[in-house]
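Please read this report with the sequence and the structure side by side, and find each part in the picture as it is named.

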Amino acid sequence: MEESRLPEPVPALVPYWLNAATEGDRGGQPQPGDEGTSPCARLAQVLLVEDNHINQVVALEFLSLMGVQARLARNGLEALTACAEAAPDLVLMDIQMPGMDGLECARRLRAQQRDGSLPNFPILALTAHALDADVAASLEAGMDEHLTKPLDFIALRSRLQRWLKLPDPS
């Protein structure tokens, strides 16, 4: 009888991809040349920047169910590295994280976009902080929208559809 085991932890700074639609044929990994494919001809690529394991699991599952390829960064520094390696179509950014928080990371990503070292992509704040001052701080840091936790699948899908072409639900 085979024992069930938890998957091995993913090493830091090595993003992993989730993609239910193509997991069988490509193993869920990005392939050489994917970067040059137009967004309409490939699945949207979202970078989730989140340090809480439970929030990671929920958000990555939601993104997978939406037919989106998702990468994970556990803090702002990992997010900067991940964006430099392969710019996403959209970033979902937690605000409070160890090391570099989401506000500082958004500022740095926007600076890199202004100087031309990164293409433009939307950054959506993803946080439990829902006060008007929190929303204002997110927008001031360069975020395009401010989503609150706990995540709601329908609300997240609705917000992502403003910025990305998502596959039709089936």
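## Overall layout

Followed along the sequence, the protein shows the pattern α-β-α-β-α-β-α-β-α-β-α, and there are six helices and five strands in it. The model is a predicted one, so every value below was computed from predicted coordinates.

Of the 170 residues of the protein, 44% count as buried. Among the contacts between residues at least 6 apart in sequence, 62% join residues that are at least 24 apart.

## Two helices side by side

The helices α3 and α4 pack with their axes 9 Å apart and at an angle of about 20°. Because angles under 35 degrees count as roughly parallel, α3 is described as roughly parallel to α4.

In passing α4, helix α3 makes a right-handed crossing. On the α3 side the contact is made by Gly-76, Ala-79, Leu-80 and Cys-83, while on the α4 side it is made by Cys-105, Arg-108, Leu-109 and Gln-112.

Gln-113 also has its place in helix α4, and it counts as buried because its relative accessibility is 9%, where the cut-off for buried is under 20%. Leaving aside its neighbours within four places in sequence, Gln-113 is in contact with Leu-118, Pro-119, Asn-120 and Phe-121.

## An aromatic pair

A search of the whole structure finds one aromatic pair. The rings of Phe-62 and Phe-153 have centres 5.3 Å apart and planes at 80°, so the pair is edge-to-face. This pair links distant parts of the chain, since Phe-62 is in helix α2 (residues 53–65) and Phe-153 is in helix α6 (residues 153–163), 91 residues apart.

Are the two partners buried, exposed or partly exposed? Phe-62 has a relative accessible area of 17% and is therefore buried, whereas Phe-153, at 27% relative accessibility, counts as partly exposed.

## Two places in loops

Ala-44 lies in the loop between α1 (23–26) and β1, and with a relative accessible area of 7% it is buried. Ala-44 and Leu-164 are 120 residues apart in sequence, and yet their C-alpha atoms are 6.7 Å apart in space. Not counting residues up to four places away in sequence, Ala-44 touches Val-68, Gln-69, Asp-89, Leu-164 and Lys-165.

The other place to look at is Pro-150, which lies in the loop between β5 (145–148) and α6. The peptide bond that joins Lys-149 and Pro-150 is cis, with omega at about 0°.

How values were computed
Residues are numbered from 1 along each chain as its sequence is written. This is a predicted model: local features need pLDDT of at least 70, side-chain atom pairs count only at pLDDT 80 or more; totals for chains, interfaces and linings use all residues. Side-chain values use heavy atoms; hydrogens and water are left out. Rings of Phe, Tyr and Trp (its six-membered ring) pair if their centres lie within 6.5 Å; planes under 30 degrees apart count as stacked, over 60 as edge-to-face and the rest as tilted. Helices (H or I, at least four residues) and strands (E, at least two) are DSSP runs, numbered from the N terminus. Buried means under 20% relative accessible area, exposed over 50%, partly exposed in between (1.4 Å probe, protein chains only). Axes are lines fitted to C-alpha atoms, for helices over the stretch in contact, and angles run from 0 to 180 degrees between N-to-C directions. Angles under 35 degrees count as roughly parallel, over 145 as roughly antiparallel, 65 to 115 as roughly perpendicular and the rest as oblique. A crossing is left-handed if the near helix is turned anticlockwise from the far one by less than a right angle, and right-handed if clockwise. Contact means heavy atoms within 4.5 Å.
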